[in-house]
Amino acid sequence: MIHYIRSYLFNMWLRRLIIFSSFTVLYSQSIHNAYGLGLISFDHNAAAAAMSSRGIVPTFNQNISLSNPVTWNNLKYAYLTGNYNGNEFTSDLGVNGLTGVSSAQFTVPIGEKYAWGFGVKPLFNQQYIIEDNPIEFYVDDDTLLTKRSVDGSGGISSLYTAVRFPISAQENMAIELDIIFGSLRKDAKFSIDQRLYHYFQRHLYFGSLYKVFLSSERFNHGNLPLNIYFMFGGAINPVKVKHYSFQPFEDVNNNGYYDSADNPAPASVPSAEINIYNDILNPSELGFGFDMVMSSDLHLMLEAHSWHDVGKKDKSLFPLLSHYVNQSQQLSLGLAKFSPVAAFKLAQKIQYRGGVYLRKDLLEEVHESVNEMGISLGFGIKFGVANNQIDFAYKYGVRTSDLISNETIQHFTVGLQLGDLWFVKRRPK
């Protein structure tokens with residue numbers, strides 16, 4: 001009888017893929033991190049993070065945003081860029097964090113009107129551990145203690161390229177193409193007394209997106225010159241996932257791996273079950289920004305951005321779907337004091353940045369929102385004859401909701417840009 005109950009509970013757990021109560025979640029990074037595709041990323045370089053920007057307005061130098069290819073023609077050198085992130089999330093459930101290289105990019109201006117570049121950046125990040133409370137079952141005067149948990153690690157990234165060109169005397173355009181790739185490894189565990197069962201799964205992501213950037217210098221005159229930026233994007237091939245489901249097994253020797261000591265033995269089980277889920281991510285985004293020149297080196301910037309996903313999420317594939325963020329909107333206001341193009345003294349080579357932002361994330365199914373507000377500060381230092389630059393950014397935010405625990409967010413980014421001359425005629429020796 002006990003063997004039958006164990007088998008029934010185990011099979012029921014496999015069918016439902018472990019559905020957890022939000023009150024028993026232990027998480028890494030953020031409360032959003034385990035839901036759906038994970039925590040969406042908009043901070044791709046230190047200069048933008050210092051002004052709470054999603055990359056539309058110029059933040060790197062005057063008239064230049066590393067995340068907006070329509071501004072790349074204003075670069076004086078080709079730049080190789082790398083960024084390192086550190087994130088810390090604090091709530092009544094504890095303190096969690098993650099650090100690592102966040103993005104890399106190579107950008108080349110071609111003359112004064114054209115530019116080209118490519119790079120890699122994260123879109124979603126997942127790193128979580130979820131557990132529920134132990135449950136006791138009484139069967140024929142015997143007590144069975146059961147416990148469930150699941151952990152996942154991975155994410156979705158973009159390999160992108162972009163080209164910039166003029167469309168009129170005062171308007172310009174850039175087109176960006178993104179190849180989406182990534183993976184997620186999940187290990188669901190189910191224990192009955194001293195017996196531990198594992199169920200391994202793996203997701204592989206594929207797809208492609210596009211973005212179009214526009215800029216206008218039509219109002220860049222008078223006492224307060226104004227540059228205008230606009231962008232929109234969507235899916236070329238909505239992201240799909242190739243789902244691998246491996247044979248569940250009893251981890252007899254409790255080493256966390258599937259080996260010959262486990263039950264059933266690896267040699268006697270079929271190969272992984274593979275399923276394809278289409279259109280799991282089908283995003284669209286829209287944004288605009290204003291860059292007002294207050295003085296020769298002081299800029300006031302306003303930016304608004306909206307991201308929306310209409311992808312199809314299968315509950316059997318995403319059991320923690322209910323709090324998945326399918327819309328994200330942000331409004332930010334930033335102030336930057338840029339250094340002059342020709343800077344010789346150390347004080348002239350330092351650039352100062354700051355910003356405030358309001359963000360609202362809408363949650364799948366429950367139709368509730370998570371509100372976030374924060375402040376950011378940062379500075380950059382130029383060095384070398386090619387105007388190399390190192391940037392630092394710190395952002396502090398507070399995330400609130402009626403459905404999840406309140407969080408405070410600390411985000412620290414370091415960016416390094418190394419410049420060199422490309423597409424320039426060399427003087428004959």
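Entry one, the whole protein. I looked up burial at the outset and found that, of the 429 residues of the protein, 49% count as buried. I keep in mind throughout that this is a predicted model. For the secondary structure I noted 2 helices and 18 strands. Turning to contacts, I found that 68% of those between residues at least 6 apart in sequence join residues at least 24 apart. The accessible surface comes to about 20600 Å², and I noted that 59% of this surface belongs to carbon and sulfur atoms.

Entry two, a single residue. I picked N326, which I located in strand β14, the stretch of residues 325-337. Is N326 buried or exposed? I read its relative accessibility as 14%, and because buried means under 20%, N326 counts as buried. Leaving aside residues up to four places away in sequence, I listed W307, H308, D309, L362, L363 and E364 as the residues that N326 touches.

I recorded a volume of about 550 Å³ for the largest pocket. Its lining has 30 residues, and the closest to the centre of the pocket are L39, S41, N85, N87 and H411. When I asked which strands supply at least two residues each to this lining, I found several, among them β1 (39-40), β2 (78-91) and β18 (407-420). The most comes from β3, which gives 5 residues. Sorting the lining by class, I wrote down 10 nonpolar, 14 polar and 6 charged residues.

Methods: Residues numbered from 1 in each chain as written. Predicted model: local features only at pLDDT ≥ 70, side-chain atom pairs only at ≥ 80, totals over all residues. Heavy atoms only, no water. Helix = DSSP H or I, 4+ residues; strand = E, 2+ residues; numbered from the N terminus. Buried < 20%, exposed > 50% of the residue type's maximum accessible area, 1.4 Å probe, protein only. Contact = heavy atoms within 4.5 Å. Areas by Shrake-Rupley, 256 points an atom, 1.4 Å probe, with all protein chains shown as cover. 1 Å grid on protein atoms, 1.4 Å probe; cavity = no way out; pocket = protein on both sides within 12 Å on 5 of 7 lines; lining within 4 Å. Points joined across faces, edges and corners; volume = space filled by probe spheres on them. Nonpolar A, V, L, I, M, F, W, Y, C, P; charged D, E, K, R; others polar.
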